[in-house]
Amino acid sequence: MAARGVTVVLMVGLPGSGKTTRARQLEAEGALRFSLDEWMLPLFAGENGTRQRDTLEGRLIWAGLRAAELGVDVVLDFGFWSRAERDALRHLFAAVGAECVVEFLDVDPTTQWERVSRRQVEAPGDTFAMTRGELDHWRTLFEVPTAEELATTTNGPPAGFLTWSAWAADRWPSLPDQGR
Ligand SMILES: Nc1ncnc2c1ncn2[C@@H]1O[C@H](COP(=O)(O)OP(=O)(O)O)[C@@H](O)[C@H]1O
Ligand SMILES: [Mg+2]
């Protein structure tokens, strides 16, 4: 079990919503920050495939769980577009004794495009290039966290799974089933 008072923050939001900027603030306050793109870019030479992302996310979640158990605050800066992902991780981190909070950053489409295009010019090595059409499409896939979601901590895993841990190991095959 984690030492008392360990906090794990899930950064939730679309590209350009300010997740990594906020995650760096939490890092400055002492959290171990895992920003997915910082690992994707050097490991996979700019390839942004689903398989690579899922593999990397699973292993970073695995490391984050261990860090939380050791008493280290963690920030997972992956975006987490789906509620099931967020619910699974809230459950898994709670099971090691950490307080797991969703931090959702909203951004309107115009501001988003301004930020993403500026970032592409100012820091091209830190991010994947994206088009306005991609941003518009991704917005349709993103499940905005509701007040009901944030207030709920006890819902069970999706149909077909006995535990959230089994669901998570299916969603992220590089994350071993924690048996919870
Ligand atoms: N609250 C904010 N106000 C204005 N600009 C911001 C804000 N948060 C982030 N930015 C800028 O917007 C761009 C995208 O932010 P970033 O943190 O990289 O977003 P994300 O990690 O969600 O894709 C960066 O250039 C950043 O400096
Ligand atoms: Mg980012």
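Begin with the secondary structure (DSSP runs numbered from the N terminus: helices are H or I of at least four residues, strands are E of at least two). Helix 1 (19–28), helix 2 (36–44), helix 3 (50–69), strand 3 (74–79), helix 5 (109–122) and helix 6 (132–141) each contribute at least two residues to the lining of the largest pocket. A pocket is an open set of points on a 1 Å grid over the protein atoms alone, where a 1.4 Å probe fits, with protein on both sides within 12 Å along at least five of seven lines; lining residues have an atom within 4 Å of a point.

This is a predicted model, in which local features need pLDDT of at least 70 and side-chain atom pairs pLDDT 80 or more, while totals for chains, interfaces and linings use all residues. Residues are numbered from 1 along each chain as its sequence is written, and side-chain values use heavy atoms, without hydrogens and water.

Next, select P15, K19, D37, R53 and M130, which lie nearest the centre of the largest pocket among its 41 lining residues. Helix 2 supplies the largest share of this lining, 5 residues.

Keep D37 and R53 selected: they form a salt bridge (a side-chain nitrogen of Lys or Arg within 4 Å of a carboxyl oxygen of Asp or Glu), with the closest N and O atoms 3.2 Å apart. D37 lies in helix 2 and R53 in helix 3, so the pair ties together parts 16 residues apart in sequence.

Finally, select E103 and R22, whose side chains meet in a salt bridge at 2.5 Å, N to O.

Terms used. Chains are lettered from A and ligands numbered from 1 in the order in which they are written.
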